[in-house]
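The following note sets out several points for the reader who wishes to examine this model. Please read each point with the structure in view.

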Amino acid sequence: MTVRKVRAPLRLLMLCAVGSGEGRSGNARGSIGRAVVWVRDRPLKQLAAWLGALALALTAPFGGWADASHPPMTVVTADQVVKTGPIDVTITRIRANTRPGETFAAMEDGQYLLVFGTARGTAKTTLTNGELADAIRLDGVPGLEKSFYTNDYLPVTKAMSAKPTVYAVEDSTLMTALVPDLTYEVAWVWRQQAAAPPSSIDVQVQGFTWRQRSLDDYTGWLDPTPTAHLRLPVEVRPPWVKPGATPSPAASPTPAATS
Amino acid sequence: MSAADVWRRWLGGRGRSLGAGVLILASLAVGRVITDRLPDAESVIEKPIERRGVIGTPIALRIGDVTVTEVTGATSWASVSEGKRTQGVWLAASIDLLPSRRESGLSYAAVRDSSGHVWELGRGESTCKAPIAGVPMHCQVLIELPRRPISNAELVLRWTNFDDRFDDQAVLPLTLDQATIDTWAGTEGPIKVPLATLGDS
């Protein structure tokens, strides 16, 4: 852009703002006319770029590029049914254990956190895409493992990114899918690297949206978002000990401590 | 020169660009409306072909001949490596599979009803895997069902659960009335689930 073209809009702005004293209305009309002529003379690409920049600037009073705020979460109580979309969930209790059962490796530098509850599939088809694991998250807990046996322990600010592994309580087997119209007693399990578990935990229940994903046209239950939460105390239980083994002074000989 | 002439000259200079832009946007909008209104042809064309049969008769799929020899149920099952219980019932289908090609097997098994419910393998199991082309295989599939009658129930068996486009699947009618479900719910089991066996025996 030449120096003359840069000065021209500044001169016009000054004329529009200040005017010239006597005969101001005549000068104002002349200033506006010159401004219109000046804008009209701009190349179309330049006008389009300025309009785009103006639209971006106008977003500032409306939040700009900040994340949209989530709707407030409902506070629920233990055993209260929370509808997430494809799953009806209840949360009953939280336990901490260094070895909840035979199928779990003993933890030396932390403990397992087990959130017990129930899950009932209300969708018509079998849920096979991790919806059951995404239905529950723990907030504000330091040292949660991102997912089982990855040894990637997260800071407290990223606790919501830790994905649990879900077990059926009745037979301690993995719950990788949820069929319609069956209610299971389940445990959502995390590994935590910490000297001791928290005294209480804020458990968040996430709801889903049924929509099509634009990237690959997959249609399913997407966008897990916290919709309800409750705070429950954490009860520490003794670790599982192999029957017949000599219990350590700190451990109870009671087996299958998954409850 | 009047203001109208000035604007006419301004538009005349830029009219082609503006007009082209407007036409492109209008075409995109009209195209979007049309594609949203028309039915999705791909989902119809790609749907798996259904080969119907009954228990005891072979059904010819592209991966081989599938014969469901027996359907039973109980509240638990046990294999060589694990066992599972349920608050519902476990449906166990015994299958004879004669694979026609190297890539064969039955990794997809489901029970569906006329209301759109589909109960897939989920926590269940299929031992109909890794067969040998031309060698008969005797195997099982186990599917978890709720403890209630399922009207117009059908058993669906297919090679894979990853991609069903243009594939074929075996479909058999099932009788899952109250009496059957009650019998299975009263059977503690466990249903024995051995490894799949090969050969004619």
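1. Tyr149(A) belongs to the loop that runs between strand S6 (144-145) and strand S7 (153-154) of chain A. Although not a glycine, Tyr149(A) has a positive phi of about 65 degrees. Helices (H or I, at least four residues) and strands (E, at least two) are DSSP runs, numbered from the N terminus.

2. The model is predicted: local features need pLDDT of at least 70, side-chain atom pairs count only at pLDDT 80 or more, and totals for chains, interfaces and linings use all residues, while side-chain values use heavy atoms, with hydrogens and water left out. Residues are numbered from 1 along each chain as its sequence is written, and chains are lettered from A and ligands numbered from 1 in the order in which they are written.

3. In chain B, Gly189(B) and Pro190(B) are joined by a cis peptide bond, with omega about 5 degrees. Pro190(B) sits in the loop between helix H3 (178-185) and strand S11 (191-193) of chain B. Most peptide bonds are trans, and most residues other than glycine have a negative phi.

4. The contact (heavy atoms within 4.5 Å) takes 25 residues from chain A and 24 residues from chain B. About 2,000 Å² is buried between the two chains, 55% of it on carbon and sulfur atoms; buried area is the accessible area (1.4 Å probe) that two parts lose on being put together, summed over both. On the side of chain B, Arg14(B), Arg85(B) and Arg123(B) lose the most area to chain A, together 25% of what that side buries.

5. How many salt bridges does the rule find across the interface of chain B and chain A? There are two, a salt bridge being a side-chain nitrogen of Lys or Arg within 4 Å of a carboxyl oxygen of Asp or Glu. The side chains of Asp171(A) and Arg123(B) form a salt bridge at 3.0 Å, N to O. The elements that give two or more residues to the side of chain B that touches chain A are helix H1 (3-37), strand S4 (83-99), S6 and strand S8 (137-145) of chain B.

6. That side of chain B divides into eight nonpolar, nine polar and seven charged residues. Here Ala, Val, Leu, Ile, Met, Phe, Trp, Tyr, Cys and Pro count as nonpolar, Asp, Glu, Lys and Arg as charged, and the others, Gly among them, as polar.
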